[in-house]
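Q: I'm new to this one and would like a guided look at it. Could you start with a single loop, then take me through the loops and on to the ligand site?

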Amino acid sequence: MIVDFSDLELKYRYKIMSRTVIPRPIAWIVTEGKSLNIAPFSYYIPLSSNPPTLIVSIGHKKDGSPKDTLKNILEQKRCTICSVNPELLTKMHQSSESLDENLSEAEVFDIPTKRLIEGYPPIVSDTPAAFFCDLFQKIELGGKTIPLILEVKRYYVDDRYVKDKESFDIEIEAVARVGKEYRLCTQKIEP
Ligand SMILES: Cc1cc2nc3c(=O)[nH]c(=O)nc-3n(C[C@H](O)[C@H](O)[C@H](O)COP(=O)(O)O)c2cc1C
């Protein structure tokens with residue numbers, strides 16, 4: 001079977017893309033704007049290790065305005081991307097609700113945060129790991145979704161996951177998306 005995307009309904013394009021590329025990692029992105037914003041994104045993947053870059057595609061709200069995360073990154077040029085462990089799964093999912101930009105998901109869904117690096121948005125307190133990123137490039141695809149290339153400036157990993165700092169003996173856990181479901185993935189960084 002060969003599917004021609006040119007005359008394919010949008011819902012099937014989405015289903016094929018998001019259910020063939022599996023698992024999809026989840027970027028739980030913290031940004032600062034009119035309020036502290038937290039939202040998950042799974043059109044997300046590492047792009048290059050040198051320069052260390054990630055890409056995330058963010059769409060628009062139903063009223064046609066850019067999602068708060070997109071607006072905040074374009075304005076502030078910075079974001080913090082948190083990983084999600086099983087304990088954080090419910091809050092991560094709740095934070096995908098579209099709120100008014102004056103309302104913070106951190107307050108509405110009671111998601112504790114802490115600022116680790118001045119100048120970058122805070123992390124979600126119990127995240128296993130986080131990337132502190134600068135906007136590198138905005139890409140125009142001609143559609144309603146805007147991919148952003150983000151350059152990683154700093155990395156945080158919770159000491160709970162670090163066995164030995166010198167040898168990078170770290171075991172990470174992160175929830176990923178498989179279709180509509182979530183699955184836990186674990187990975188050793190070293191040795
Ligand atoms: C697991 C998950 C993955 C998501 N991935 C994306 C994505 O890649 N791109 C996107 O535009 N929206 C994605 N969404 C929807 C956004 O999280 C949602 O639109 C959210 O309200 C955006 O919030 P904001 O306006 O505060 O940025 C995803 C939602 C969930 C639950």
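**From the loops to the ligand**

A: Let's start with D110, which counts as exposed because its relative accessibility is 53%, over the 50% cut-off. Keep in mind that this is a predicted model. You'll find D110 in the loop between α4 (105-108) and β7 (113-114). Its backbone is worth a look too: phi of D110 is near 55 degrees, a positive value in a residue other than glycine.

F168 has a positive phi as well, about 55 degrees, and it isn't a glycine either. This one is in the loop between β11 and β12 (169-178).

Now go to the loop between β10 (146-157) and β11 (162-164), where D158 lies. D158 counts as buried because its relative accessible area is 12%, and the cut-off for buried is under 20%. Follow its side chain and you'll see that D158 reaches the backbone nitrogen of R160 at 2.8 Å.

A couple of prolines deserve a stop along the way. The peptide bond from N50 to P51 is cis, with omega near 0 degrees, and P51 lies in the loop between β4 (44-49) and β5. The bond from E190 to P191 is cis too, with omega near -10 degrees; P191 belongs to the segment after β13 (181-190).

Around it are 20 residues, and the closest are P40, Y43, K67, T69 and S96. Sorted by class, this shell has 6 nonpolar, 8 polar and 6 charged residues.

Zoom in on the oxygen atoms of the ligand next. One is 2.8 Å from a polar backbone atom of Y43. There's also a ligand oxygen 2.9 Å from a polar backbone atom of G59. With T69 it's the side chain that takes part: an N or O atom there is 2.5 Å from an oxygen atom of the ligand. Taken alone, the ligand exposes 640 Å², and the protein buries 88% of that.

The elements giving two or more residues to the shell are β3 (36-41), β5 (52-58) and α2 (68-76). Of these, β3 gives the most, with 4 residues.

How values were computed:
Residues are numbered from 1 along each chain as its sequence is written. This is a predicted model: local features need pLDDT of at least 70, side-chain atom pairs count only at pLDDT 80 or more; totals for chains, interfaces and linings use all residues. Side-chain values use heavy atoms; hydrogens and water are left out. A residue is near a molecule or strand if one of its heavy atoms lies within 4 Å of it. A polar contact is a pair of N or O atoms within 3.5 Å; within protein, one must be able to donate a hydrogen and the other to accept it, and residues adjacent in sequence count only if both atoms are side-chain atoms. Accessible areas come from the Shrake-Rupley method with a 1.4 Å probe; for residues, only the protein chains shown count as cover. Ala, Val, Leu, Ile, Met, Phe, Trp, Tyr, Cys and Pro count as nonpolar, Asp, Glu, Lys and Arg as charged, and the others, Gly among them, as polar. Buried means under 20% relative accessible area, exposed over 50%, partly exposed in between (1.4 Å probe, protein chains only).
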